Amino acid sequence: MVFSNFISNLFSKNVKNLSEYRKDRISPRYNITMYAQYQAGGPFIERRGNISIGGFCFEGEKNYTPGSVLDLLFRLPGSSEWIHARGEVLGQTESHGFLGIRGRFVEIDFEDERRLARWLDQMSMILTLRAA
């Protein structure tokens, strides 16, 4: 339960009213399961977190130096296609014994970025309709 609250309160900014959303974000963040590879050739490890058009945040098991680059794989809900992106770690956030790794996308295929943007727009429209 504590971890669930951590993800909901710290990682996720799924809001009921888009006017509540942080003004410094270029898009809302939505929960997703992703796979992170910390070393070239290493395993991809499943992580819970969230994504936006510009970046990500996920639960981590150790601190990562800001500037570290990792590979990410994820599928958008409702899609069978994988999106591969490279991300740069910007920092971490600790709360209730859990560690959140936050970062930005530094490399993502143009078509994948378009799919992500369309999905984020759809999610925002759904939120807007629910709030109305």
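**Close-up views of the predicted chain**

**Figure 1. Strands β1 and β2.** I32 stands opposite G49 in β2. Strand β1 covers residues 30–37 and strand β2 residues 45–51; they run antiparallel and are joined by 7 bridges. Strands (E, at least two residues) and helices (H or I, at least four residues) are DSSP runs numbered from the N terminus, and two strands count as paired if DSSP finds at least two bridges between them. This is a predicted model, in which local features need pLDDT of at least 70 and side-chain atom pairs count only at pLDDT 80 or more, while totals for chains, interfaces and linings use all residues. Residues are numbered from 1 along each chain as its sequence is written, and side-chain values use heavy atoms, with hydrogens and water left out.

**Figure 2. The whole chain.** The secondary structure comprises 2 helices and 6 strands. Read from the N terminus, the order of elements is α-β-β-β-β-β-β-α. Of the 132 residues in the chain, 41% are buried; buried means under 20% relative accessible area, exposed over 50%, and partly exposed in between, with a 1.4 Å probe and protein chains only. Among contacts between residues at least 6 apart in sequence, 52% join residues at least 24 apart. A contact here means heavy atoms within 4.5 Å.

Figure 3. β1 pairs with strand β4 (residues 69–74) in the antiparallel sense, over 4 bridges. In this pairing Y35 stands opposite L73 in β4. β4 also pairs with β5, again in the antiparallel sense, over 6 bridges, and L70 has G87 in β5 as its bridge partner. Between β5 and β6 the pairing is antiparallel with 10 bridges; Q92 has I101 in β6 as its bridge partner. The hairpin of β5 and β6 has 2 residues between the strands, and H96 takes a positive phi near 55° there. In a regular strand the side chains alternate between the two faces of the sheet.

**Figure 4. The largest nonpolar core.** The core holds 25 residues, and I51 and F58 touch the most other members. At least two residues each come from β1, β3 (55–60), β4, β5 (83–95), β6 (98–108) and α2 (110–131). A nonpolar core is a set of buried Ala, Val, Leu, Ile, Met, Phe, Trp, Tyr and Cys residues joined through side-chain atoms within 4.5 Å. Leaving out residues up to four places away in sequence, I51 touches P28, R29, Y30, I32, M34, F56, F74, L76, F105, L116, W119 and L120.

**Figure 5. Aromatic pairs.** There are 6 aromatic pairs, where rings of Phe, Tyr and Trp (its six-membered ring) pair if their centres lie within 6.5 Å; planes under 30 degrees apart count as stacked, over 60 as edge-to-face and the rest as tilted. Y38 and Y64 form a stacked pair, 4.7 Å centre to centre with 10° between the planes. This pair links distant parts of the chain, with Y38 in the loop between β1 and β2 and Y64 in the loop between β3 and β4, 26 residues apart. Y38 and Y64 are both buried. F74 and F105 form another stacked pair, 6.3 Å centre to centre with 25° between the planes. This pair also links distant parts of the chain: F74 lies in strand β4 and F105 in strand β6, 31 residues apart. F74 counts as buried because its relative accessibility is 0%, and F105 is buried with a relative accessible area of 11%. Ring pairs join F56, F58, F74 and F105 into a cluster.

**Figure 6. Helix α2.** The 22 residues of α2 reach 31 Å from first C-alpha to last, close to the 32 Å expected at 1.5 Å a residue; the expected span is 1.5 Å times one less than the number of residues. Buried residues in α2 are D112, R115, L116, W119, L120, S124 and L127. The buried residues of this helix pack against β1, β2, β5 and β6. At the start of α2, a side-chain oxygen of D109 comes to within 3.0 Å of the backbone nitrogen of E111.

**Figure 7. E113 and its surroundings.** E113 is found in helix α2. The residue is partly exposed because its relative accessible area is 32%. E113 touches I53 and I108, not counting residues up to four places away in sequence. E113 and I83 lie 30 residues apart in sequence and 8.6 Å apart in space, C-alpha to C-alpha.

Terms used:
Polar contact = N/O pair within 3.5 Å; in protein donor to acceptor, adjacent residues only side chain to side chain.
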